[in-house]
Amino acid sequence: MARLELVAGDITREAVDAIVNAANESLLGGGGVDGAIHRAGGPEILAECRTLGGCATGDAKATTAGRLEARWVIHTVGPVWVGGGAGEDDLLASCHRRSIEVAAEVGARSIAFPAISTGVYGFPKERAAPIALGSAREAAADHPTVDLVRFVLFSDTDLRLWRGALERSDPP
Ligand code: AR6
């Protein structure tokens, strides 16, 4: 069973095998955590992204990680929140499942996620946290080579919210 960790920090500094990027369907960069990853990792990541032909919402694709400590960046596209009735929950779960599948495919044993969709895309954090935790835990159980799943929250407030969600979730 994979270890599940919650920390506060900047995901670009994570020394795990793979970090997940909350990208958009173009995979050609943006603001938020996407901008931070491309800035810290350098132009190699964007050059690789250009060859991938974009990415559907809920799917994930890997590139190498340029100057980052991680070896791979797994780019996933979270749903834009439009009120909850457009399949946003399932798409968010899919992002976590697909990211872990891709991590297993490239041989990554440890993976760090940001809080996908909860920034510019407007997904409510209280609703996103249990979905992200549950889907990541399930996917990691199906892919036992992935033995560390870490969520990197960008503030102490977010970390507290996610800890609460973890405490309320079913034990593994
Ligand atoms: N480390 C960890 N978390 C971060 C960092 C960081 N360095 N920077 C921001 N966050 P967002 P989204 C948190 O907006 O909602 C981009 O333009 C942030 O506080 O980055 O999925 C893409 O290109 C929030 O909790 O991603 C897309 O167009 C979380 O990361 C769009 O934004 C996600 O916020 C995707 O929107």
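Me: Which residues does Trp162 touch, not counting residues up to four places away in sequence?

Reply: A contact means heavy atoms within 4.5 Å. By that rule, and leaving out residues up to four places away in sequence, Trp162 touches Leu6, Ala115, Ala129, Ala132, Leu133, Phe151 and Leu153. A word on the source: this is a predicted model, where local features need pLDDT of at least 70 and side-chain atom pairs count only at pLDDT 80 or more, while totals for chains, interfaces and linings use all residues. Residues are numbered from 1 along each chain as its sequence is written, and side-chain values use heavy atoms, with hydrogens and water left out.

Me: How many residues does the largest nonpolar core have?

Reply: A nonpolar core is a set of buried Ala, Val, Leu, Ile, Met, Phe, Trp, Tyr and Cys residues joined through side-chain atoms within 4.5 Å. Buried means under 20% relative accessible area, with a 1.4 Å probe and protein chains only. Here the largest such core has 34 residues, and Trp162 is one of those with the most contacts inside it. Helix 4 gives the largest share of this core, 8 residues. A second, separate core has 17 residues, including Ile19 and Cys49.

Me: What should the 18 residues of helix 4 span?

Reply: Helices are DSSP runs (H or I, at least four residues) and strands are too (E, at least two), numbered from the N terminus. The expected span of a helix is 1.5 Å times one less than its number of residues. For helix 4 (residues 125–142) that gives 26 Å, and its end C-alpha atoms are 26 Å apart, so the two agree. Its buried residues, among them Ala132, Leu133 and Arg137, pack against strand 1 (3–8), helix 3 (88–106), strand 5 (110–113), strand 6 (148–153) and helix 5 (156–168).

Me: Which residues line the largest cavity?

Reply: On a 1 Å grid over the protein atoms alone, a cavity is a set of points where a 1.4 Å probe fits but cannot get out; a pocket is an open set with protein on both sides within 12 Å along at least five of seven lines; lining residues have an atom within 4 Å of a point. The largest cavity is lined by Met1, Ala2, Arg3, Leu4, Arg137, Ala140 and Val149.

Technical notes:
Buried means under 20% relative accessible area, exposed over 50%, partly exposed in between (1.4 Å probe, protein chains only).
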